[in-house]
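Reader: I would like to learn how to read charged side chains in a structure, and I would be glad to go through it step by step.

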Amino acid sequence: MEENKKQILHGECPRKLNLNVPLLSTRRPFSVETNETSTLANPNTTTKMVPFSWERIPGEPKDKETNDYSDTIHLPPPPGWRAPPVAEEMNAALDQCCDYSDVVDEKHGYNERFSDAIDIFSLAESVDDDVEVDCEATKDRSSAVLESNDYQHHHSPNFIIERFLPDAQALAEASVMNKKFPFLGSPDFNDSFSRAVSIRRSYHSPKGCGLGSFFPWRMKPKPCSVKSPVCDTIIGANQKKNRKMALEITQYLLSAQSPDAKVRTEAETILVQFQNQNLPGFLLSLSVELSNDGKPTESRRLAGIVLKNSLDAKEAARKEQLVQQWVAIDISFKSQIKNSLLNTLGSSIREASHTAAQVVAKIASIEIPRKEWPELVGSLLANMTQPDRPPSLKQATLETLGYVCEEISHDDLVQDEVNAVLTAVVQGMNISEVNPDIRFAATKALYNALDFARTNFDNEMERTYIMKVVCDAALAKETEIRQAAFECLVSIASTYYEVLEPYMQRIFELTSNAVKGDEEAVALQAVEFWSSICDEELEIQDYEVPDSGDSSAPHSHFIQKALPTLVPMLLETLLKQDEDQDQEDGIWNLAMAGGTCLGLVARTVGDLVVPLVMPFIETNISKTDWRSREAATYAFGSILEGPSIEKLSPMVNAGLDFLLNAMNDENSHVKDTTAWTLSRIFELLHSPATGFSVITPANLQRILGVLLESIKDAPHVSEKVCGAIYFLAQGYEDSGPNSSVLTPYLPDILNSLITTADRTDGCDSKLRFSAYETLNEVVRCSNLSETSQIIAKLLPVVMSKLEQTLSLQIVSSDDREKQGDLQASLCGVLQVIIQKLSSADETKPVILQVADQIMVLFLKVFACRSSTVHEEAMLAIGALAYATGPGFEKYMPEFNKYLEMGLQNFEEYQVCAISVGVVGDICRALDDKILPYCDVIMTHLLKDLSSGELHRSVKPPIFSCFGDIALAIGEHFDKYIGYALPMMQSASEVCAQMDNSDEEMIDYGNQLRRSIFEAYSGILQGFKNSKADLMLPHAPHLLQFIELVAKDQQRDESVTKAAVAVLGDLADALGSNIKMLFKDCKFCSELLGECLQSDDEQLKETATWTQGMIGRAFSVCS
């Protein structure tokens, strides 16, 4: 759960494909689920099929911002409602050994998170000096202990150490006795390096030395009397023995960082050639370079970077390739590399030991799950249990344990190993540890080891001792230790919520003192603890049975119990704003954290929060100090979600006019937060379709007057005003006649938004993006019968602006990026206008008259290299295809090449996904006129399905696309049956074998099943009138798949709809042929009976139709 919290998506989100037009579906909305019965689940029954690759190790999206195709605008809220920013990784791309920087704590060598060790580490970073905290909460920290009675009636504080110490010592002693894995200072150190492994002799030249022996054409021959640089490679007594294993690469690593491009390029080329031609020797040489304290810091730094990036990557396909390369290396080489890295942990150079810790963890992530490095944990524990080990080695060892725990699963260690690791970590955290660096490293390591401690947290005595040590660390003298301890408490809140009851009083005292008087970094984590508690209780409440209150997890109601003291504490944080918090992105301060937590509290306890917050609002809203006014407004906006409408409506109605007046406040922070609060009101309390809205015909003119005036304010205020207009317009969606009240104001709204989008005083394109997205929503939610002429006049304005972008002067990458952003926004506006005007026969001619000019613009836009532009242009072309219908055929010869490029764009997979959707749009528009292009399209789609490189999210829509193509070309789809059907059957078997315990995989399985059913439906309907018999051989497999889904009691409702619909299509297409197929299909009647009793009218309608199709087929048989 903690890992999920870290995966926070930021930034702009493009729209979904389903804006008013049916995309990626054949005819009916389906979805999918998982099961595990029938022969489908048995891999032994699989016939020879085209392989379906579904990316078993899913990669992270290349651009997280584009992962959610949402119609809803994502405007940055004012201080406090946005989530805390994920630590920025200072990743300058390492392209074949060219990246040498990262952000690391110079004192401790830690990134802000262990997870920053993915692609780059660094050996040089400075942080601000620690500031002494002069407050009551930080006095006498080192002697503080948990004072609650829960800690006074148990064993000695050292009992957990005493219990686990034999395990740790046994593992450590076993490691020391193993001469293959020695440690610094071990008497076996020299012997361990005696196993020299020679590289291929064909590369050695009697006249060449060092790396030149691999590439003799790169270096002039040296007389043998000249000292070889290889002789300086290995520290210790076995230099000569290791000459055959590791080569001198120091100079090449230094040259690869040269400011001289020629020198740098030549060195990089040599290093890459060495890597490609002798990977084991290359990795060993890097590890030896890193381990040698006599080498330059610069060469060791790059050696570590290249070594780590030779073991891990962010992209799943690349990562798997690197893993397989490591696995294939001879064990002797791997042993020497690992020995070298483990010895580097004892380096006197802190940067080197930090790097080694990261690389050890990367190797552990490969080998420990394969049971190939069983000695590692014991080897590391030897450093902690033997008294002669220096503090620097213990620090590096704890750091390594933390990294290893982050990299591997808790299932990869046996409980004895977990006990030993926790013993070492907790002992390092103990108040008796005098070295702050060790204590800090231990606290960070515990953070990553908490997932392994389930058994220990189930034991009350062990849990209590761990909690005591963490709480002691939260009172440490050093700021970084206190911060790390609170991070542990945050993780414990998420992982072990159900056992926190005895410790909550003490934790509240710690968090309260930290919030009131500690450093901001510590206070932020203290607030985050309560936010995590809210998250847990909200999740429990989501699963509670409404009538009984029962849920699978215990609900301790910590927030409700702490409410009288927690809310005042959070309200005080709102007064701790930064002067520039609205002007800069990425700022996360105590006021923002407090407001976010207050919002979560409101969602958790509902109406109970209102009487605790209103006095604060009433006291501060009219004060002369801007901080008080802003804090009161922020508090008001934060509690709008959670309490009932009955509780909120009186105070919102009373305060609305006050907020409108506050848009004229002299302070920009107050105006910014007021505009955000108005947007929250319109989002949550403005729904004419349901019969409730704070906006009435009487106050609408005043509201819009204030908003359209305030949109001219500073960019950060204007951006929030755009959000308010967005939600105001959205409230009128599907409201029928009520939307007419907005029509008189539409010209002024659109003109103001276009003017705002053209502003040049913003520091970036965020304001323009917000203005155009708001314009889209205003158009989308307008009453077409009343506003068609207004929207028709807007069309040439937007087309003209898009054409102007084609002639913008581009002199830098920033210029190109701005051009791309602007083109993407304008394509998005055109898409919405096309969809709106083409949704009625009366207004569709407006689009048809200018379709040629629009298509020319879109084709020109494809010249831009921005993936965002390509996405938006593709979406707009899909809308144009839907609008023009068969007339789109004339554009296909020119557009087809761009469509093919999109279908082959694996790297920018969002473009590929949208291109697949556009294929479906074009099929629906052209019907059988798409036939000349189908061979190429189907070839690309089949390649996409077979690829392990393409992001898995693209693959379900491809199956849906099969259905669209089959519907369009009918009997002509027969030429693709031999390729498409085996792929669909292979994918259905993948569905049967998916992990039902993984929510993400369950969701993916739902998408995949739905799409497979859509494909079958489209093919069956396409063949129905002529070649239905072609589907007879495949019908048994389809029925098995439907049965698999039908027997899954946990199936998603949309999966049920999909299964029932395709069952009807099967009966409709095959007719009398189904009698034998359905002979033993008892599940069919059970499934239909279940659906006919459903409360879902659409499901009942589909089931009734399917029942009729089956009945008709059987009547024909008889």
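Reader: Is lysine 1027 buried, partly exposed or exposed?

Author: A residue is called buried when its relative accessible area is under 20% and exposed when that area is over 50%, with partly exposed in between. In this model, which is a predicted one, lysine 1027 has a relative accessibility of 28% and therefore counts as partly exposed.

Reader: With which residue does lysine 1027 form a salt bridge?

Author: To call a contact a salt bridge, we ask for a side-chain nitrogen of Lys or Arg within 4 Å of a carboxyl oxygen of Asp or Glu. Lysine 1027 meets this with aspartate 974, the closest N and O atoms being 2.5 Å apart. Lysine 1027 sits in the loop between helix 40 and helix 41 (1035-1046), while aspartate 974 sits in the loop between helix 38 (955-969) and helix 39 (977-992), so the bridge ties together parts that are 53 residues apart in sequence. Aspartate 974 is also partly exposed, because its relative accessible area is 29%.

Reader: Which side chain meets lysine 929 in a salt bridge, and where do the two residues lie?

Author: The partner of lysine 929 is glutamate 889, at 3.8 Å from N to O. Lysine 929 lies in the loop between helix 36 (909-926) and helix 37 (931-946), and glutamate 889 in the loop between helix 34 (867-884) and helix 35 (892-903), 40 residues apart. Lysine 929 is partly exposed, at 35% relative accessible area, and glutamate 889 is partly exposed, at 35% relative accessibility.

Reader: What does lysine 362 pair with, and is lysine 362 buried or exposed?

Author: Lysine 362 meets glutamate 407 in a salt bridge of 2.7 Å, N to O. This pair links helix 11 (residues 350-367), which holds lysine 362, with helix 13 (residues 391-407), which holds glutamate 407, and the two residues are 45 residues apart. Lysine 362 is buried, since its relative accessible area is 1%, whereas glutamate 407, at 23%, counts as partly exposed. Both belong to a network of salt bridges that links Asp312, Lys319, Lys362 and Glu407.

Reader: How many salt bridges does a search of the whole structure find?

Author: The search finds 36 salt bridges.

Reader: Which residues form the negative surface patch?

Author: A patch takes residues with over 30% relative accessible area and no salt bridge. Here the negative patch consists of Glu539, Asp542, Asp995, Asp998, Glu999 and Asp1003. Helix 20 (520-542) and helix 40 (999-1023) each supply at least two of its residues. Glutamate 539, for example, lies in helix 20 and is partly exposed, with a relative accessible area of 33%.

Terms used. Residues are numbered from 1 along each chain as its sequence is written. This is a predicted model: local features need pLDDT of at least 70, side-chain atom pairs count only at pLDDT 80 or more; totals for chains, interfaces and linings use all residues. Side-chain values use heavy atoms; hydrogens and water are left out. Patches are made of residues with over 30% relative accessible area and no salt bridge: like charges are joined within 9 Å, nonpolar side chains (Val, Leu, Ile, Met, Phe, Trp, Tyr) within 5 Å. Accessible areas come from the Shrake-Rupley method with a 1.4 Å probe; for residues, only the protein chains shown count as cover. Lys and Arg count as positive and Asp and Glu as negative; His and the chain ends are not counted. The place of a charge is taken as NZ of Lys, CZ of Arg, CG of Asp or CD of Glu. Helices (H or I, at least four residues) and strands (E, at least two) are DSSP runs, numbered from the N terminus. Buried means under 20% relative accessible area, exposed over 50%, partly exposed in between (1.4 Å probe, protein chains only).
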